[in-house]
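Visitor: Please put the model up and take me through it, starting with the terms you rely on.

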Amino acid sequence: MTEGSERRERHKTFPRRISLKDGRVATIRLMVKKDKDKLLRFFRGIPEEERLFLRDDVTKPETIETWARDLDYSTILPIVAEIEGRIVADATLHRRTYGWMQHVAEVRIVVDPAIRGKGLAHALLAEILDIARTWGMEILVSELIPEQKPAISLVKSHGFKREAILHRHVKDLSGTPRDLLILTRRLAEEEPRP
Ligand SMILES: CC(C)(COP(=O)(O)OP(=O)(O)OC[C@H]1O[C@@H](n2cnc3c(N)ncnc32)[C@H](O)[C@@H]1OP(=O)(O)O)[C@@H](O)C(=O)NCCC(=O)NCCS
């Protein structure tokens, strides 16, 4: 198998086990339709002050049901991390397969508060970056609210740079207008990896 084909197959190597800083082991794999209830439970465990800044109301069964119903790994690749049968993180890579943004993909990551600070987001973002490369993506985007400081620090530590800020561009779940910070990592402009 060539290096290229090995990389193309990468997400097919799921499920995979990763060790966290505290010695616990998480299994990472693709989300499947039957994860609906586990995912809802996971998102309901995210503190309200953080959910406020997430794009969708993830505590509504309809939101998760729509994700499960419309699962299409060629446009949205959802990766979950599990510990002892519970979902403890969700990371997604979103792209369009047509139009002027087909070379651009967006990343989103949420980790269970009880498992934070143990390197899970680092590991998931590294996976997402690898998959984005195998998809041939040229630009990765992270769209965040300035209050999402840990997430901003996370993506910056993976080479994302602040690109723009759109003032009062989005409304949080309570309806309050918020700035939208756009960070990108331009994969196509990077030196090829050894
Ligand atoms: C951002 C988030 C995913 C990080 O998850 P995590 O598993 O705790 O992250 P890790 O332990 O892998 O740490 C990764 C990096 O995140 C940043 N980070 C994590 N917690 C942080 C904190 N409390 N303050 C500042 N930076 C923090 C750091 O850069 C850290 O790297 P370092 O440990 O080398 O300094 C998690 O805090 C989260 O789910 N936040 C709420 C959801 C959210 O805002 N998601 C982004 C929108 S899609």
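Guide: A residue is near a molecule or strand if its C-beta atom, placed from the backbone, lies within 6 Å of it. This is a predicted model, in which local features need pLDDT of at least 70 and side-chain atom pairs count only at pLDDT 80 or more, while totals for chains, interfaces and linings use all residues. Residues are numbered from 1 along each chain as its sequence is written.

Visitor: How many residues surround the ligand?
Guide: The closest are R116, A121, P150, A151 and L154. The number of residues surrounding the ligand is 20.

Visitor: Which element supplies the largest share of that shell?
Guide: Helices (H or I, at least four residues) and strands (E, at least two) are DSSP runs, numbered from the N terminus. At least two shell residues come from each of β5, α5 and α6. The largest share is six residues, and they come from α6.

Visitor: How many residues of the shell are charged?
Guide: Asp, Glu, Lys and Arg count as charged; Ala, Val, Leu, Ile, Met, Phe, Trp, Tyr, Cys and Pro as nonpolar; and the others, Gly among them, as polar. On that basis the shell around the ligand has nine nonpolar and six polar residues, and the charged ones number five.

Visitor: Which residues of α6 are buried, and why do they lie on the same side of the helix?
Guide: A residue is buried with 20 or more other C-beta atoms within 10 Å of its own, exposed with 12 or fewer, and partly exposed in between, C-beta atoms being placed from the backbone. In α6 (residues 149–157) the buried ones are A151, L154 and V155. They share a side of α6 because the arc they cover around the axis is only 90 degrees, an arc taken over the directions from the helix axis to the C-beta atoms. On the face turned away from the buried side are the exposed residues K149, S153 and S157, so the answer is the set on the 90-degree arc: A151, L154 and V155.

Visitor: Which elements cover the buried residues of α6?
Guide: Contact is set by C-beta atoms, placed from the backbone, that lie within 7 Å. The cover includes α5 (120–134), β6 (139–144) and β8 (177–186).

Visitor: Which strands stand at the edges of the sheet?
Guide: Two strands pair if DSSP finds at least two bridges between them. The sheet is open, with eight strands in the order β1-β2-β3-β4-β5-β6-β8-β7 and mixed pairing. Each edge strand has a single partner, so one of its sides is left without a neighbour in the sheet; the two are β1 (16–19) and β7 (161–171).

Visitor: Which residue of β6 is the bridge partner of A105?
Guide: β5 (residues 104–111) and β6 run parallel and are joined by three bridges. In β6, the partner of A105 is L140.

Visitor: Where is P15?
Guide: P15 is joined to F14 by a cis peptide bond, with omega about -5 degrees. Most peptide bonds are trans. P15 lies in the loop between α1 (3–8) and β1.

Visitor: Is E84, with its positive phi, buried or exposed?
Guide: Phi of E84, which is not a glycine, is near 45 degrees. E84 sits in the loop between β3 and β4. Because it has 9 other C-beta atoms within 10 Å, E84 is exposed.

Visitor: Which strand holds R168?
Guide: R168 also has a positive phi, of about 45 degrees, without being a glycine. With 10 C-beta neighbours inside 10 Å it counts as exposed. The strand is β7.

How values were computed: Contact = placed C-beta atoms within 7 Å.
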